[in-house]
Amino acid sequence: MNATAKVGIGTPLPRVDGIEKVTGAAKYAAEYAVPSMLYGVAVSSRIAKGRIVSIEDAAARTVPGVVEVMTHENRPRQAWLDRSWKDELGIPGDPFRALHGEEIQFAGQPVALVLAETFEAARFAASLVEVTYEAEPHNIDFDASLTEKFEPKKKRSSFHPPKNRGDAEAAFASASLKVEADYHLATEHHNPMEMHATTVEWHGDGKITVYDKTQGSQNVQGYVASAFGFSKKDVRVVNAYVGGAFGSGLRPQWQVQLAAMAAKHMERSVRVVMTRQQMFYHVHRPECTYTIKLGAEPTGKLTAMINDATTSTSRFEDNMEDIVVWGMMNYDCPNASGEHTIAPRDTYTSSDMRAPGAATGMTLFEIAIDEMAYKAGIDPLEFRLINYSETDAMNGTPFTSKALREAYAEGAARFGWEKRKPEPRSMKEGRELVGWGVATGMWDAQFAKTSASAKLNANGHLEVACATSDIGTGTYTVMTLVAADTLGLSPDQITARLGDSDLPTSPVEGGSWAAASSGAAVQLACQAVAKKLLKAAEKVEGRPLADAASIEDILFADGRMALKGDSTRSVAITDVMRVADLASIEEEETASPDLGDYVSMMRKSRNTHSAIFAEVRVDEELGQVRVTRVVNAVAAGRIINPKTARSQILGGVVMGIGMALHEETMGDPKLGRWMNHNYAEYHVPAHADVEDIEVIFVDEPDPEVTPLGVKGLGEIGIVGAAAAIANAIYHATGKRVRSLPITIDKLLDEES
């Protein structure tokens, strides 16, 4: 075998789908050319709560090209109206059903769908639809909703209730040092580049192909079949490329419902695309108020932590996230308690948004931890080390691995933390106050049952396939690298297929489990192919691999199979296929949490950790904040692709900058509507807001966490990033702002 470096797990490989994306060859949900297609444009409700009295659509129907105006009065029958339908996210309540009836549940709710031969005709006709409403009193104000807060009897399946320990109230009462404050995060909206869109292709035989912007093709397939009475085998869902989602595509959204309903009713292909404004009237990160009480000894040792959080939900679903558990898990404190309630508003249901629960709960808790460190007069990094827990402090279980100490050390060294002056307002350059802050990040390392297939052709080309999605996280490349690593092929000999409900079963892509889960399934499928190759190699003249007792005795590299320890005894994979007269070898395997030692591993906690260091510069007179440096040291097990992994963390940090300084959806309580529902007024970080971000991956071997030792990176990059920035702002200014985002008015306000 030659000495060419093996490409595989750990290789910094550029995205294998990059060329398609930058050249425009990649097709997104609203870009598929389907003949004889109708365009659907939704009419949105102007009120937040009430009922529809009448809909006048005569003028819309006169527009040339308009073929139908669908409303709750003339829509076709939906199968789910006659039987229960289980939402895969497990949010208790009644999921929103467009055009279900006359009831208005939130501003922006679709109340009609205009169908026309052209998009322009549909859009113009939609502006002519006149809807008369009978409005009822509404509330979208979070502070007002707190008077109705409650703990639901039935919680979503992914919710983990806090496990209290000790007597937190008594310990807090007797603590030498105390911090007690309310912390707040404003409503944030998902703003992926690709808006939610669906193209339904009607095939004329009762079968449809649905091109949808979703994080789970098979999730949407089951939904459409259930809602409209299709046989599941007659519904194919394709989401080969997804232009970002951040969690907004975890559940089917109303555009796919309207598109499928219209296609079945008209027996024609239909496309429905949300406008950017309509995107703002659906999924969002819940607003949160978080009361935190911390007690400590003069040495800095925590003695009490009391967590009480309330987050927003809709009036029709009870959405709860894991808010209060993160500090209870991460810090060694003998007395800890947590409570979580939700408060209903007349809006669409709040939803998972990158690191749901942790991005809010860990961030706000880390600001409180920083506050206690200053009260104790202890360096904020040292304070965290004093209260470091080697085990999951809430559940009492060991971690499969936890290299957070190493992350603190490597991040601090790279950042230069030892040069920090401890007093607030003690570092200044010119007219700018300089501040340094630190925070901790924590997220789950999950693994979900996933299947994949591998097909090796006689020419040595390999195709691996899985129904999982790639929402920009690099799943195509992960699948390619795992396959290359397992069978010793070059990436240009491998094609990865995903984003198609016809492919082997996969859950939605979310929760940072995609790389671990789909990667493990691809590895198993390729190993199954390898075993058949070894058997076929018995037909090769001279039987160079005859001494191999099992596949573990074979090294795959450079397109060849060689006996480990004796590279002279090798054979090309293509020669094996030729000699054995095999046109192809195809295998499908399933990676599942119940395989191997994973059951015993469930008794351990599986998490990623990070240490984030941030530098800010604040104009002393104007209060303008610049984030000039961030170092994020991440302990996330085995890194499959350092190049795309770094990009994931960079993106998370940028979203953290948005959370800390920019992102805030503002509502008008009188109108019951979000007011800054556009890119001009909803502020996200621009290029000028992003300066130096350095990513460190801490070496963290972990053979227990998942089959590949992978922990996932989609979420951990954002967790704690906003806290590090907020803490740096305090160090720079001496002003503690406990409500995010930290805008200029809050820094200039003498009373905040």
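Which residues of helix 13 are buried?

Modeller: Happy to! First, this is a predicted model, where local features need pLDDT of at least 70 and side-chain atom pairs count only at pLDDT 80 or more, while totals for chains, interfaces and linings use all residues. Residues are numbered from 1 along each chain as its sequence is written, and side-chain values use heavy atoms, with hydrogens and water left out.

Now your list: Thr475, Tyr476, Thr477, Val478, Met479, Thr480, Leu481, Val482, Ala483, Ala484, Thr486 and Leu487 are the buried residues of helix 13. (Buried means under 20% relative accessible area, exposed over 50%, and partly exposed in between, using a 1.4 Å probe and protein chains only.) That's 12 of the 13 residues, so the rest of the structure largely encloses helix 13.

Helix 13 itself covers residues 475–487 and reaches 18 Å from its first C-alpha to its last, close to the 18 Å expected at 1.5 Å a residue. (Helices are DSSP runs of H or I with at least four residues, strands are runs of E with at least two, and both are numbered from the N terminus; the expected span is 1.5 Å times one less than the number of residues.)

So what does the covering? Among the elements over those buried residues are strand 22 (462–465), strand 23 (494–497) and strand 24 (554–557), along with helix 14 (514–536) and helix 15 (573–579). Just after helix 13, Gly488 takes a positive phi of about 65°.

Let's step away from the helix and look at charged pairs. The structure holds 42 salt bridges, each being a side-chain nitrogen of Lys or Arg within 4 Å of a carboxyl oxygen of Asp or Glu. One of them joins Arg617 to Glu429, at 2.8 Å from N to O. This pair ties together distant parts of the chain, with Arg617 in strand 28 (residues 607–619) and Glu429 in strand 19 (residues 428–429), 188 residues apart. Arg617 counts as buried because its relative accessibility is 13%, whereas Glu429, at 46%, counts as partly exposed.

There's also Asp57 with Arg61, where the closest N and O atoms are 3.3 Å apart. Here Asp57 is buried, at 17% relative accessibility, and Arg61 is partly exposed, at 35%. Finally, Asp370, Glu371, Arg736 and Arg738 are linked in a network of salt bridges.

Methods. Contact means heavy atoms within 4.5 Å.
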